[in-house]
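Hello,

Here is the structure I promised to pass on. My notes on it follow below.

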Amino acid sequence: MADDANRVTLRRKITLANGVALIVGSIVGSGIFVSPAGVFLYTRSVAASLVVWTLSGAFSAVGAVCFAELGTCIARSGGDYAYILEAFGDLPAFLYLWVVLLVIRPCTQAVVALTFAQYAAKPFFPTCEPPPVAVSLLAAACLCLLTAVNCVSVRWSMRVQNVFTWGKLIALVAIIVAGVYHIFTGGTSNFENAFEGKYDVGSIALAFYSGLFAFGGWNFLNFVTEELQDPYKNLPRAIWIAMPIVTLIYVLANLAYFAVVSADEMLSSAAVAVTFGNKMFGALSWTVPVFVALSTFGGVNGILFTSSRLFLTGARQGHLPQVLAYVHVTRCTPVPSLVVTCVVSLLMVTNSNVFTLINYFSLVLWLSIGACIGALLWLRVSQPHLHRPITVHLALPVSFLLCCVFLIAVSAVTEPLNAVIGLLVIVAGIPVYYLCVKTRNEGKSIRKFNESMTVFIQKLFNVVSLDDDDDNHREDNDDDEKVIK
């Protein structure tokens, strides 16, 4: 058995500050700059919209606290996948992996990369839309650059996350300050009759759906638990710090938007932040697209970082090719899974219809989150003696699960076609599981091909298998590299 100095493991490089930046950076993407009109569209009320944003943040915080219990009692990377696997077994976990990693994550990453490219190119095309080819190429360049950074160093990828998280927060603070200044200088006309609007159950439910979608990413730190320093303390701390920050910023940013942008402008604008900037910043209005680009660049990095760890965890469990669980021999970064994540996303950015793909899986997203909360409740029954550094009050996961069921029902009723497509994609993974994972009926020629490809990838990327034992959870020192003797 090799000694500790020769082990290849995921390194605990992610500090508490990095964890906060990862959560904030993953949640605050293009949505708060581009489409806060989603909530207003269904409420048609300024006051109701602000209430929805506030309650959406509180609801997401409840979910994040529940995930803190899961992340500390199952302290390994993989997030939702690891929890479903532990509670419900191989098939449900594989189906989650099938949908999320092969469709939802690459599509989401492509959407954010394309949004980055659209706004990064906008200052060069002030009077017209940037050419689609240029946007796709710039999005591809963004994905490739961030993949290279993540392959080289975990610390560098966290530095990128920190810098661009601060960039987007500075942009939002500038919007908030400008909006508050506008209010205090008499710009309150948009708040007249603030409570008038639509208050039927269906409209309010859809408004919450849009608000909660904007808070997506609150569980991303759970995907990299093995690389978080002192996860039992820092995981819940990062959640408790990040969620109030995001909620406060979202509510204040929307308050600023409503103060400056009229209801008609809110509903007709493709990018509310740009409309806000044009009215408030004058000659400096060009900075808004730049800051949106910074925001989405950091968002791409967060999605790429966590997605690759999900690939790695699935491969270690045998649900994906084993080579995706390999890491670089000196840098201890999951290069094969990062490259696969990048390649699949590159295929997506060539398709301008990628935005519509995301709509098909809203039901599936809430199914997976609901399944994780169900896993928390089931583990309390099936494994009552499991070590739980954090135990949330039973009312929190129960109420959160009931809300998830409500959101799933609303999605299925309002968009039945999308729900059917999402469910069909899930069901399609069942035969794949039994043919490729459960039975593993590989012929001699297929086995030789797999072995030769594994060796080729090992040589190409200079990667080796992780030492999968309890030392994966030990604290490591701060050196960037670990040389294998």
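**What I found**

Cysteine 66 counts as buried because its relative accessibility is 0%, where buried means under 20% relative accessible area, exposed over 50% and partly exposed in between, with a 1.4 Å probe and protein chains only. Its sulfur lies 9.2 Å from the closest cysteine sulfur, that of cysteine 404, which is too far for a bond. The structure holds zero disulfides, a disulfide being a pair of cysteine sulfur atoms within 2.5 Å.

Before you go further, please note that this is a predicted model: local features need pLDDT of at least 70, side-chain atom pairs count only at pLDDT 80 or more, and totals for chains, interfaces and linings use all residues. Residues are numbered from 1 along each chain as its sequence is written, and side-chain values use heavy atoms, leaving out hydrogens and water.

As for the whole protein, it has 19 helices and two strands, taken as DSSP runs numbered from the N terminus (helices H or I, at least four residues; strands E, at least two). Of its 485 residues, 53% are buried. Among contacts (heavy atoms within 4.5 Å) with a separation of 6 or more, 84% join residues 24 or more positions apart.

Helix H6 may interest you too. H6 covers residues 90-121, and its 32 residues should span 46 Å at 1.5 Å a residue; the end C-alpha atoms are 44 Å apart, which agrees. The expected span is 1.5 Å times one less than the number of residues. In H6, 24 of the 32 residues are buried.

Best wishes
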